[in-house]
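Have a look at the sequence and the model first, and then read on.

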Amino acid sequence: MATKQTLTPHHLAKLHVHTGDEVLILTGKDRKQRGKVVRTFPRSNRVLVEGRNMVKRHMKPDQSTRQGGIIEKPMPIHASNVMVICTECGEPTRIGHDRVPQGQDQKLRVRRICKHCGKAIQEQSRIVRS
Ligand SMILES: [Zn+2]
């Protein structure tokens with residue numbers, strides 16, 4: 001792990017999945033399950049979905065915990081293996097983009113559009129971050 005080299009792009013491409021989105025998982029044992037994105041990893045194109053893609057880790061007892069056993073932790077899922085669920089129509093959808101004036105300064109900002117119903121998908125991250 002320590003020697004793992006990662007490519008560092010000049011800018012990190014934004015994922016089509018954002019923190020706070022509800023997503024549908026398309027692959028793996030949690031296929032067809034929904035969950036909330038709690039973190040995104042643009043560098044590796046992965047997202048962490050709350051309570052999904054849990055992996056069992058067998059821990060040896062050590063000085064700090066004094067007990068071993070099986071610990072379950074969520075592992076990030078590749079962004080291509082999840083589908084964003086539209087906040088407007090509730091359907092899993094592909095994402096489109098358009099630019100509209102937004103915010104106080106009315107600057108052109110990219111907005112995500114549901115390919116299903118054509119409405120803008122609401123960003124949940126502001127609420128999550130609190
Ligand atoms: Zn929609």
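The site of the zinc ion is tetrahedral, with angles of 103 to 115° among its 4 donor atoms. Four donors count as tetrahedral if all angles lie between 85 and 135 degrees. For comparison, the ideal angle for four tetrahedral donors is 109.5 degrees. The zinc ion is coordinated by the SG atoms of Cys86, Cys89, Cys114 and Cys117, at distances of 2.2 to 2.4 Å. Donors here are N, O and S atoms within 2.8 Å of the metal (3.2 Å for Na, K and Ca), and water is not among the atoms, so sites may look incomplete.

Along the chain, the donors of the zinc ion follow the spacing C-x2-C-x24-C-x2-C. Cys86 sits in the loop between strand S7 (82–85) and strand S8 (92–93), while Cys117 sits in the loop between strand S10 (107–114) and helix H1 (125–129), so this pair ties together parts that are 31 residues apart in sequence. Cys86 counts as buried, at 3% relative accessibility, and Cys117 counts as partly exposed, at 32%. Buried means under 20% relative accessible area, exposed means over 50%, and partly exposed lies in between (1.4 Å probe, protein chains only).

A word on how to read these values: the model is predicted, local features need pLDDT of at least 70, side-chain atom pairs count only at pLDDT 80 or more, and totals for chains, interfaces and linings use all residues. Residues are numbered from 1 along each chain as its sequence is written, and side-chain values use heavy atoms, with hydrogens and water left out.

Now for the overall layout. The chain has 1 helix and 10 strands, and from the N terminus on its elements run β-β-β-β-β-β-β-β-β-β-α. Helices (H or I, at least four residues) and strands (E, at least two) are DSSP runs, numbered from the N terminus. Of the chain's 130 residues, 23% count as buried. Among contacts between residues at least 6 apart in sequence, 43% join residues at least 24 apart; contact means heavy atoms within 4.5 Å.

Two strands pair if DSSP finds at least two bridges between them.

Several of these pairings can be followed by residue. S2 and strand S3 (residues 46–49) pair in the antiparallel sense over 4 bridges, with Phe41 opposite Arg46 in S3. S2 and S3 form a hairpin with 4 residues between them, and Asn45 in the turn has a positive phi of about 60°. S3 in turn pairs with S6 in the antiparallel sense over 2 bridges, where Val47 stands opposite Ile77 in S6. Strand S1 (residues 22–25) runs antiparallel to S7 and is joined to it by 3 bridges; Val23 has Val84 as its bridge partner in S7.

A search of the whole structure finds 4 salt bridges, each being a side-chain nitrogen of Lys or Arg within 4 Å of a carboxyl oxygen of Asp or Glu.

| Pair | N to O distance |
|---|---|
| Asp21 and Arg112 | 2.8 Å |
| Asp105 and Arg109 | 3.0 Å |
| Glu123 and Arg112 | 3.1 Å |

Asp21 forms a salt bridge with Arg112, and this pair links distant parts of the chain: Asp21 is in the segment before S1 and Arg112 in strand S10, 91 residues apart. Asp21 is buried, at 2% relative accessibility, and Arg112 is buried, at 2%. Glu123 forms a salt bridge with Arg112. Because Glu123 lies in the loop between S10 and H1 and Arg112 in strand S10, the pair ties together parts that are 11 residues apart in sequence. Glu123 counts as partly exposed, at 25% relative accessibility. Salt bridges that share partners join Asp21, Arg112 and Glu123 into one network. In the pair of Asp105 and Arg109, Asp105 is partly exposed, with a relative accessible area of 47%, and Arg109 is partly exposed, with 34%.

Finally, look at Asp30, found in the loop between S1 and strand S2 (34–41). Asp30 is buried yet has no salt bridge, and the nearest side chain of opposite charge, Lys29, is 4.6 Å away. Lys and Arg count as positive and Asp and Glu as negative, while His and the chain ends are not counted. Leaving aside its neighbours within four places in sequence, Asp30 is in contact with Ile25, Arg52, Asn53 and Met54.

Note on methods
Four donors count as tetrahedral if all angles lie between 85 and 135 degrees; four count as square planar and six as octahedral if opposite donors are over 155 degrees apart and all others between 65 and 115; anything else is irregular.
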